Amino acid sequence: TGGFLMSAAQSITADTFEDDVLKSEIPVMVDFWAEWCGPCKALGPTIDVIAGEYAGKIKVYKLDVQAEAALASKSGVSSIPTLVIFKGGEIADRVVGLRPKGEITSRIDPLL
C-alpha cells in the first residue's frame, strides 16, 4: 500500500463498482470528485485520514465524475464533492460539500 503521494482511498470505475461497492460485506464510502474541483481537492486529505483510521471497518474509494458521469448520476450525485455511503448494496447516507472530518465520521459510525 502506498507512500505519501498515494491516496489511501483507491480509485474506482464502473467496471469494478458492483463488486467493490454493491457486493461489499462492509460499508463503503465513495468520494465523488473531479480534478478541476477545488473543494474536492481540499477534502482529499480528510478522506485519506478517514480511510486510514477506518481501515477494515469501511472501504473508501474515489470516483472521478468526469470519467464516470453515468455512475455519478445513477448514484444521485449532482454536485461535488459528494460522499455516498453504501451499506448492503444500498445508499445509506450522503454528505454533500466540503465538510469537517467529525461530521463525516459521525455519519459513518452508526452504519458500522
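Reader: Where in H2 does a kink lie, and how is a bend defined?

Author: The bend at a residue is the angle between axes fitted to the seven residues ending there and the seven starting there, and in H2 a kink of about 35 degrees lies at Gly 44, shortly before the proline Pro 45. Helices (H or I, at least four residues) and strands (E, at least two) are DSSP runs, numbered from the N terminus. This is a predicted model, in which local features need pLDDT of at least 70 and side-chain atom pairs count only at pLDDT 80 or more, while totals for chains, interfaces and linings use all residues. Residues are numbered from 1 along each chain as its sequence is written, and side-chain values use heavy atoms, with hydrogens and water left out.

Reader: Which residues of H2 are buried?

Author: Buried means under 20% relative accessible area, exposed over 50%, and partly exposed in between (1.4 Å probe, protein chains only); in H2 the buried residues are Cys 40, Leu 43, Gly 44, Ile 47, Ile 50 and Ala 51.

Reader: Which residue forms a salt bridge with Lys 101?

Author: A salt bridge is a side-chain nitrogen of Lys or Arg within 4 Å of a carboxyl oxygen of Asp or Glu, and the side chain of Lys 101 meets that of Glu 53 in one, at 2.9 Å from N to O. Because Lys 101 lies in helix H4 and Glu 53 in helix H2, the pair ties together parts that are 48 residues apart in sequence. Lys 101 is partly exposed, with a relative accessible area of 31%, and Glu 53 is partly exposed at 45%.
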